[in-house]
Amino acid sequence: MATGRGRLLQQHWRGLQALRLPPGGVGAAPGPAGFSFLWIRIYSAAFPPKRSNWKVNSVEKTAGSVNVLSVKDKEAGYWKKEYIAKQRARVRAALAQVLKPVNPYTGLPVKTKEAVRISGLGWVIILREKNGKEYIMEHIDLSINDSSVTIMWYGKPWPRLATLSTLDLCGVTPVFMDQSKTPSKNGPRWHSLIAKYNLSNLTESTMIGGDRLLRIFCLCPGLLVGLWKREEELAFVMANLHFHQLVEKSTLGSATVPYELPPHTPLLDDNPEYGLHGYQLHIDMHSGGIFYLCGTFRNLLTKKGYIEDGYVKIVVISFKNNTEHLPLIGKVGLSWRTDIFDGCIKSCSIMDITLLDEYGKPFWCFSSPVCMRALGPSDGPSFLGQTSCVDYVDSEGKVHVELVWIKETEEYFIVSLVLYLRVAKINHWFGTAY
């Protein structure tokens, strides 16, 4: 039986099916007048007038009622725009209800997977050549992790890298919804721009690893591009998106403008002199469905004096406290695949960070490829070994992880984990003036 949300998203579809659109779909109407009249019929079937004697299942009355609406009184395309605007508002309202329950431990919506399903949400990349030609590519593979989604594109007749200028990452949702069926990729869809990337100088970007077949490059935010070593051409594209506002970013923007976050109301800090306190961090390091680290750290704090170079420092795992040190489980590597080859790039993985403020609200969230790089020998208090680090930085903060390779057990141990939060972000969030 359909739920209330299901009926909400299905109601207008049944009317559209009964109207028997022409074989070419909504774009097959013969001329501007016919096109406008068709969209009036679609609009009326989806959003019938609110009358006490209205019967929703009477499609013939719905079609007949459009005679009351004058085509001549509206400019070309008016009813199409009205339909899409109201349809998006309807879906937005339904999704808001689905996403309302929040997990008190993660601060993230409980039903993100359900929201993705009922909205028919998918993702595409749009590769744009320097001459303006575009290639729209559907995602091939998708994996939903604990706090992020990993999306893959491969096995495509990729255009030559030298001809490309940009890559757009977009969420796509069907304009016409039918909850009883798998959303069609052939019908009209709404594009919501999530991020735009510059490919003009890709090989000058941050290369984070490679194997005998390819090299991988990281583009912020969260994009990984694999290039074949021999040809220096595209092998695959991987996007990593955190759950925080994932559905909103993937559905509520436009094809050219990303979703704009609602204005933030500062959460007043009752004890600004004591610095940050009561923070919670959840961190995952994973790839290909394998988790090397999954940890939650509560009651994190920092004093006001821990400010340096525009950052506030929060020590999560202290080098000096052996009891806090954690192992990475298994051999760390980033899995990749194409339609012909697959592999695993040593010392690379996906890092998901969810940092909650003292009120349990998401303060800083990201999902991004990272890699370990070697440092000098450790001078730790109780062991010696090869030391490596993992670093991440964006406009809101930095993460620095130090690890020691334990030869006897053949595993990495995290001996230090430090967050650096931008003072500007904190001041904006709390209305303070650190």
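**Exercise 1. Overall make-up**

Among contacts in the protein between residues at least 6 apart in sequence, what percentage join residues at least 24 apart? Then describe the whole chain.

Solution. Start with the basis. This is a predicted model, where local features need pLDDT of at least 70, side-chain atom pairs count only at pLDDT 80 or more, and totals for chains, interfaces and linings use all residues. Residues are numbered from 1 along each chain as its sequence is written, and side-chain values use heavy atoms, with hydrogens and water left out.

Step 1. Contact means heavy atoms within 4.5 Å. The percentage is 59%.

Step 2. The protein has 7 helices and 22 strands. These are DSSP runs, numbered from the N terminus: helices are H or I with at least four residues, strands are E with at least two.

Step 3. Of the 434 residues, 48% count as buried. Buried means under 20% relative accessible area, exposed over 50%, and partly exposed in between (1.4 Å probe, protein chains only).

**Exercise 2. Helix 4**

Check the span of helix 4 (residues 78-98) and locate its buried residues.

Solution. Step 1. The expected span is 1.5 Å times one less than the number of residues. For the 21 residues of helix 4 this gives 30 Å, and the end C-alpha atoms are 30 Å apart, so the two agree.

Step 1. The buried residues of helix 4 include Trp79, Tyr83, Arg88, Val91 and Val98.

Step 2. An α-helix has 3.6 residues a turn, so residues three or four places apart point the same way.

**Exercise 3. Cavity and pocket**

Which element gives the most to the lining of the largest cavity, and which to that of the largest pocket?

Solution. Step 1. On a 1 Å grid over the protein atoms alone, a cavity is a set of points where a 1.4 Å probe fits but cannot get out; a pocket is an open set with protein on both sides within 12 Å along at least five of seven lines; lining residues have an atom within 4 Å of a point. Grid points are joined across faces, edges and corners, and a volume is the space filled by probe spheres set on the points.

Step 1. The largest cavity has a volume of about 140 Å³. Of its 13 lining residues, Arg88, Val91, Thr173, Pro174 and Trp190 lie nearest its centre. Helix 4 gives the most, with 6 residues.

Step 2. The largest pocket holds about 1500 Å³ of space. Among its 46 lining residues, His244, Gln245, Lys249, Leu261 and Cys365 are the closest to its centre. Strand 19 gives the most, with 7 residues.

**Exercise 4. Backbone exceptions**

Compare serine 347 and glutamate 410: is each buried or exposed? Then find a cis peptide bond.

Solution. Step 1. Most residues other than glycine have a negative phi, and most peptide bonds are trans.

Step 1. Serine 347 has a positive phi of about 70 degrees. Serine 347 sits in the loop between strand 17 (342-346) and strand 18 (348-356). At a relative accessible area of 16%, serine 347 is buried.

Step 2. Glutamate 410 has a positive phi of about 55 degrees. Its loop runs between strand 21 (397-406) and strand 22 (411-422). Glutamate 410 is exposed, at 57%.

Step 3. The cis bond joins cysteine 220 and proline 221, with omega about 5 degrees.
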